[in-house]
Amino acid sequence: MSRTEKIQQYIEERFLVEFGGDLDADTDLFKAGVIDSFGYIQLMNFLEDEFAFQMDEADILTDVFVSLSSIDDFVARKLAEPNPR
Amino acid sequence: MCGLAGFLSAELQGDAVPQVITSMLSLIHHRGPDEAGYYLDDGIAMGAVRLSIIDIAGGSQPMADRTGRYWICFNGELYNHIELRDELRGLGRTFRTQSDTEVVLQAWIQWGPACLTRFNGAFGLAVRDAATGELFLARDRYGKRPLFYADRPDAFLFASEMKAFRAFPGFRFELDPRELASIFAVWTPLPDRTPFRDIRQVPVGGLLTVRGERRLLSTYEQLRVDAPPFTGTEEDAAAFVREELRKSVELRLRSDVEVGVYLSGGLDSSIVTKLATDLSRSQVRTFSVEFEDKTFDESGSQRSVAAHLGTLHSSLAISSADIAENFPEAVYHAEVPAFRTAFVPMYLLSRHVRDSGIKVILSGEGADEAFLGYSLFRETLLRASWNDLSDEEKAAKLASLYPELGHFGPGHRKHLTGLFSQFSTERLPGLFSHELRYQNGRFAVRLLKDRDEPFGDLLDLVGATPGYAALSPTQKAQWLEYKTLLAGYLLSTQGERMSLAHSVENRCPFLDPAVVRAAASVNLGYDDGFQEKAILKKAFRGELPQSSLTRPKQPYRAPGAAAFKDRRPDYMELLLSDTELAHLDCVDPAFARKLVNKVMSTPDPEISTKEDQTFVYLLSTAVLHHQYVRNQEDRMSAAPESRMEIRTAVDHRLSRLSVGGTR
């Protein structure tokens, strides 16, 4: 399973949605009522565990975690860093 | 305390009129089992069921003035009726009874609708002016008592509970998807709305005038969450707050029957218990629920306060099975979809209180709204100042925010920082304080096929409210809490609808206008708001057990989806069967199915709060639909009690000129 598929599957199972149906990769998941504070924390933990990196302050404060594509891009960037933290 | 019902109709004639009004009253008989009465005139019928509390012998309703021009049905209590009676006597008005209802009537005749701002009480009322043909409907300023109406082509109906409309010929309930979206998103109906199409509420602090075809809805008193700052020392402020509360409890102990107290074990109800104990000649009786599930149980604190204050304490143990078993009956009384099950224990507690011989209860509702008790207010303060804080300050304040929520714990601080950064600027104009909470609401709206912006009507409401834009973020949060969660759930679904289901009247000392003003004048004047209700704790230091003053607030909650999962009561078929679910034609069956499957198959700790809430919304909506829309009697619990004593029956219709007394 690809990175994108893993993230998509997690979001679909965890938040009871289907991409392609009610959402697309660019849908703002907050505005669409998919993610709340509890879900956000779960999602962050999932990304760190699944892809074995640690977010830092700079990552957290950028506005990237709102859609599937922005989350996926972020993970791709983190994995491309020479020494994933 | 009572219930009222009535209608304006030119079409209904003859014997049908008394039959219909009697049937309407019988559907709300639980609100006033002691006696009933009605008044008929050409084109109008109105009546009341009465729970006798003040002037038990003389306060029968409907009541008219000497001339027979003004008729009143009054649901509620006027706490300052003694002072108003004296004032009205001084103005030359005379009285025939000792009842507060007559004070309301005479005040109406003396001052007209301007009397409403003079009332300190909990009420919904209907006044008929037989000379002009006008009908006036009004509600108290905080929404302690309900008043619904349905404006139809053939008739104008009004009642304390919507279920009374079932008795009107041709009336059908229909769920309104637009209102359901708003309820799911906001947690409660908006102040003038209901989940049903074409049924409205008189909003809190509102007056509806009906004259012929004209309808005029006005606000006789705007909610004020601001006040000139108190200028004394912190000690003076604490003493001031204590004295206003003492006076409020004293007023609410005015009753011809014994008054008990709901004791949750938290600060607010402990304060009410303390003051009631000081002001009562006999030993005060206190009542609590305790839960088998220790996650929700507060019985330790309850016993400690009861022992400290020397009350005669009685506690009712509630299990998940009790919640599952009584959910449909409680929903029937609530009449509104609910996001929590915590109202069901209150339904059972009121039965226990009634069986103990108590008709009137004091409770702590309103304290958190007035004195900034909820974590929501601290969250608002934090997010509003977020971009001005250092990293250390952010971390420290986040840590203190929701001690009861695991995901606010230290392990998640970094992620929360990211989340709060996203919610540090306003997206929904005027709703900044509630934007994080409303994320849960947006999830619940996914239950519906139509998912248009569910906050549109709320945005319009705050946009049109005079003075709202100038309030601080915290004051806006208060305003929203008063208008939505307090009036639309805590005072209604969890409050008076549950207590009146068993003929128990509740009174809220923290919701006295003077107490609300006092709170507004001291809030954030002596502390930064991050210590919960600091001034209130100072006001009662040394008078309550130390644990009441120091323990972190424990929100009152009860087992949610887990209760239904464990017991699988038969009405769960409404969700488990695709055929049953399809009856709810506004619900998206695919999402509903996914949610129900997940809840039924997932271990409890893995079900998130929003999933739990959404499940309870869906189940309560399905039960309401079954009871009210499909009229399925098997789950239309609480069938109207058969025997109702009609004590007053007055018929002024030209067609039958007979004035009856006792019949």
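Modeller: The part to look at is the crossing of α1(A) and α4(A), which is right-handed. Bear in mind throughout that this is a predicted model. On the α1(A) side, the contact is made by R3(A), T4(A), I7(A), Q8(A) and I11(A). On the α4(A) side, the residues are L68(A), I71(A), D72(A), V75(A) and A76(A). Sorted by class, this contact of α1(A) with α4(A) has six nonpolar, two polar and two charged residues.

Now the geometry. Helix α1 of chain A covers residues 3–15, and helix α4 of chain A covers residues 68–80. Their axes are 10 Å apart and the packing angle is about 135 degrees. An angle over 145 degrees would count as roughly antiparallel, and 65 to 115 as roughly perpendicular.

Helix α8 (residues 320–334) and helix α9 (residues 343–355) of chain B have axes that come within 8 Å and cross at roughly 85 degrees. That angle lies in the 65 to 115 range, so α8(B) and α9(B) are roughly perpendicular to each other. From α8(B), the contact uses D322(B), I323(B), N326(B), F327(B), E329(B), A330(B), H333(B) and A334(B). From α9(B), it uses F343(B), V344(B), Y347(B) and L348(B). These residues divide into eight nonpolar, two polar and two charged.

Last, chain B as a whole. Its secondary structure comes to 25 helices and 19 strands. The radius of gyration of chain B is 24 Å, close to the 26 Å that the globule rule gives for 663 residues, so chain B is as compact as a globular protein of that length. Along the principal axes, the C-alpha atoms of chain B fill a box of roughly 80 × 65 × 45 Å. Of the 663 residues of chain B, 53% count as buried. Among contacts in chain B between residues at least 6 apart in sequence, 73% join residues at least 24 apart.

Key. Residues are numbered from 1 along each chain as its sequence is written. Chains are lettered from A and ligands numbered from 1 in the order in which they are written. This is a predicted model: local features need pLDDT of at least 70, side-chain atom pairs count only at pLDDT 80 or more; totals for chains, interfaces and linings use all residues. Axes are lines fitted to C-alpha atoms, for helices over the stretch in contact, and angles run from 0 to 180 degrees between N-to-C directions. Helices (H or I, at least four residues) and strands (E, at least two) are DSSP runs, numbered from the N terminus. A crossing is left-handed if the near helix is turned anticlockwise from the far one by less than a right angle, and right-handed if clockwise. Two residues are in contact if their C-beta atoms, placed from the backbone, lie within 7 Å. Ala, Val, Leu, Ile, Met, Phe, Trp, Tyr, Cys and Pro count as nonpolar, Asp, Glu, Lys and Arg as charged, and the others, Gly among them, as polar. The radius of gyration is taken over C-alpha atoms; the globule rule is 2.2 Å times the number of residues to the power 0.38. A residue is buried if 20 or more other C-beta atoms lie within 10 Å of its own, exposed if 12 or fewer, and partly exposed in between; C-beta atoms are placed from the backbone. Angles under 35 degrees count as roughly parallel, over 145 as roughly antiparallel, 65 to 115 as roughly perpendicular and the rest as oblique.
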